[in-house]
Amino acid sequence: MISIFGYGSLMNVVSAKRTMPNATNFRPGELCGYTRCYNLVSISGIKSGLVNLDTKEMAALSIRKVDNSTVIDDETNDISPRVSGIIFDIPEDESIPYFEREHRYKPVQINVTESESHRVINVWSIIEQTDAEYKTSILNSVSQQLITPPESENSSGQCLNNEELVIFAQTEYNNRVGQYYQGQLWGRNDIYPMPKYCISCLLAAFDLGGVDYVVNMLEHTLLADGHTSLHVYLKDKVSYIDPCTLGSMTDLPNCYDPRLYESLTQDKLMTREEGLDIQHSEPDHTVHGIADKNGITLYSIIHRVIV
């Protein structure tokens, strides 16, 4: 078995099991010294229609390493970068579909802390990279597939040369990316979160860790510009957190449990008090669907934090 750390859509167990059906032992964990960042042009979003090319709402999440002096949240001056996510275990053979799902990222082994046991363990996760690094990884992958006797021999009986390998790699890149999008994948500073993807990640965070996980995602996630927090960005995106809009988001492509969306309708707004002291009513599961143990729904949390 190997352990995986997820911080975006993989925080949703249904989504994780769709790729890795034998995933088990899901538990919360924390990665210090990193922050989330919406800085990858989402090819899957382009293919599924989730992106808006006019507004440049086309970014998916990654994580990046930051030093401890980096201010993550412009409002709170929080200088403790960390990513609250999920740890789970998979059989080694299911690492293949995992890495295929995340092939546009750089796979790395990192240390994370299990939230309940406080045990530090080594896991696989995926982080940001450059376009050049991604194209090199495709070339390396093609080389490993082709330069293996006797498959490495072409029709004349000679090993494939570098020029031929590059052509194979370019074809593979076009199959994966180029036929859908011709621009820069990594490194753009002018793209923004895909709205439904953004909220789906917040829903997964809420379902996994309640208030703390949602606040972590809002305050420890940067836009592609590298300094604007998701917290600050969403202040100008009231439609993102409108309960009527969110409650209708049952058409997300990742097959999230529809019961999650019931938690986003007709909730009482929270009042602004010190810290995260929140006013709430007892949970009504016929209305709220999914709330944390205190009856707090995602809509209330987001509204309380950013408004």
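Guide: Let us start with one residue. Leu185 touches Asn39, Leu40, Val41, Ile43, Arg104, Asp131, Tyr134, Tyr173 and Val177, leaving out residues up to four places away in sequence. This is a predicted model: local features need pLDDT of at least 70, side-chain atom pairs count only at pLDDT 80 or more, and totals for chains, interfaces and linings use all residues. Residues are numbered from 1 along each chain as its sequence is written, and side-chain values use heavy atoms, with hydrogens and water left out.

Visitor: What makes something a contact?

Guide: Contact means heavy atoms within 4.5 Å. In the protein chain, take the contacts with a separation of 6 or more: residues 24 or more positions apart account for 75% of them.

Visitor: Which element holds Gly29?

Guide: Gly29 is in strand E2. Strands (E, at least two residues) and helices (H or I, at least four) are DSSP runs, numbered from the N terminus. The protein chain has 10 helices and 9 strands.

Visitor: Asn25 is found in strand E2 too. What class does its accessibility give Asn25?

Guide: Asn25 has 42% relative accessibility, so Asn25 counts as partly exposed. Its phi is near 55 degrees, a positive value in a residue other than glycine.

Visitor: How do you know whether His118 is buried or exposed?

Guide: The relative accessible area of His118 is 61%, so His118 is exposed. His118 is found in the loop between E6 and strand E7. Its phi is positive, about 65 degrees, although His118 is not a glycine.

Visitor: And what about Lys196?

Guide: Lys196 has a relative accessible area of 27%, so Lys196 is partly exposed. Lys196 lies in helix H6. The C-alpha atoms of Lys196 and Val51 are separated by 9.2 Å, and the two residues are 145 residues apart along the chain.

Visitor: What makes a set of residues a nonpolar core?

Guide: The members are buried Ala, Val, Leu, Ile, Met, Phe, Trp, Tyr and Cys residues, joined through side-chain atoms within 4.5 Å. The largest nonpolar core has 65 residues, and Phe88 and Leu185 touch the most other members. Helix H6 (residues 195-219) gives the largest share of this core, 13 residues. In soluble globular proteins, nonpolar side chains tend to be buried together.

Visitor: Why is a space called a pocket and not a cavity?

Guide: Both are sets of points on a 1 Å grid over the protein atoms alone. In a cavity, a 1.4 Å probe fits but cannot get out; a pocket is an open set with protein on both sides within 12 Å along at least five of seven lines. The second largest pocket has a volume of about 470 Å³, where a volume is the space filled by probe spheres set on the points, which are joined across faces, edges and corners.

How values were computed: Buried < 20%, exposed > 50% of the residue type's maximum accessible area, 1.4 Å probe, protein only. 1 Å grid on protein atoms, 1.4 Å probe; cavity = no way out; pocket = protein on both sides within 12 Å on 5 of 7 lines; lining within 4 Å.
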